[in-house]
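Here are my notes on the model you sent over.

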Amino acid sequence: MEISELGSIFRRQRTAAGRTIASVAAEAGLSVPYIANLENGRGNPTLSAVSNLAAALGSRLVVRLADDDPPAARLPGSLVQFSRGARFRAEVARLGDPEIARLLAAMAAVGALTERPLTELDWHRVLDTVVLLTRPVTPAE
C-alpha cells in the first residue's frame, strides 16, 4: 500500500467519525503535523505510529506480506487497460477512493466466471455492478 492511499484511508475514517486531527493526535500520542502530513501522503510512518493512529480511529492495523507476484500481473490485460480509463478513475473517486487493488481483484474475479476474455464493454458492466452494489440504500428501496 502506498503512503498516499494509507493517508486517504485515515482521513476518510477521521472525517467520517467527525473528529479533528488534533483530537486524533492527542489520543494516538502523535503530533498534529505528523498526522496532517500522513493524511496528505507525506512521511514515512512507523508501524507503531500507524497502529496507534488506527486504534485512535477505532480500527486496528493488520499487516500482511504479499507474494512476489504483484496484483497487476494477475489481472487480465483488458482489465488493466480499462482501469487506465477516465470512467474507471471517475468511479473510483466517486466511491471514495477504495483500495484499488481490492477493487481490481474483485472485478477480475467476476471476469474469471466467464469462459471468454472480457471486452471493454464487459468491464463497464462489471463496474456498473460495483457502483450499484456500493451506493447507499434509501428507505424506499
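1. Let's start with a packing question: which residues in H7 meet which residues in H8? On the H7 side they are Leu103, Met107, Ala108, Val110 and Gly111. Their partners in H8 are Trp123, Val126, Leu127 and Val130. Keep in mind that this is a predicted model.

2. Now the geometry of that helix pair. H7 covers residues 100–111 and H8 covers residues 120–134. Their axes lie 10 Å apart, and the packing angle is about 120°. Angles of 65 to 115 degrees would count as roughly perpendicular and those over 145 as roughly antiparallel, so H7 and H8 come out as oblique to each other. As for handedness, H7 passes H8 in a right-handed crossing.

3. Stepping back to the whole chain, the protein has 8 helices and 0 strands. Reading from the N terminus, the order of elements is simply α-α-α-α-α-α-α-α.

4. On overall dimensions, the C-alpha atoms fill a box of roughly 55 × 45 × 25 Å along the principal axes. The protein has 141 residues, and 28% of them are buried. If you take the contacts with a separation of 6 or more, 57% are between residues 24 or more positions apart.

5. Is Arg14 buried or exposed? With a relative accessible area of 10%, Arg14 is buried, because the cut-off for that label is under 20%.

6. What does the side chain of Arg14 find around it? A polar atom of that side chain lies 3.0 Å from the backbone oxygen of Arg19. Arg19 also turns up in the contact list of Arg14, which leaves aside neighbours within four places in sequence.

7. Last, the aromatics. How many aromatic pairs does a search of the whole structure find? It finds 1. The pair is Phe82 with Phe88: the ring centres are 6.1 Å apart and the planes are at 70°, so the arrangement is edge-to-face. That label applies because plane angles over 60 degrees count as edge-to-face, and the centres have to lie within 6.5 Å for rings to pair. Both Phe82 and Phe88 are buried.

Note on methods. Residues numbered from 1 in each chain as written. Predicted model: local features only at pLDDT ≥ 70, side-chain atom pairs only at ≥ 80, totals over all residues. Heavy atoms only, no water. Phe/Tyr/Trp six-rings, centres within 6.5 Å; stacked < 30°, edge-to-face > 60°. Buried < 20%, exposed > 50% of the residue type's maximum accessible area, 1.4 Å probe, protein only. Polar contact = N/O pair within 3.5 Å; in protein donor to acceptor, adjacent residues only side chain to side chain. Contact = heavy atoms within 4.5 Å. Axes fitted to C-alpha atoms, helices over the stretch in contact; angles between N-to-C directions. Helix = DSSP H or I, 4+ residues; strand = E, 2+ residues; numbered from the N terminus. Parallel < 35°, antiparallel > 145°, perpendicular 65-115°, else oblique. Left-handed = near helix turned anticlockwise from the far one by under 90°.
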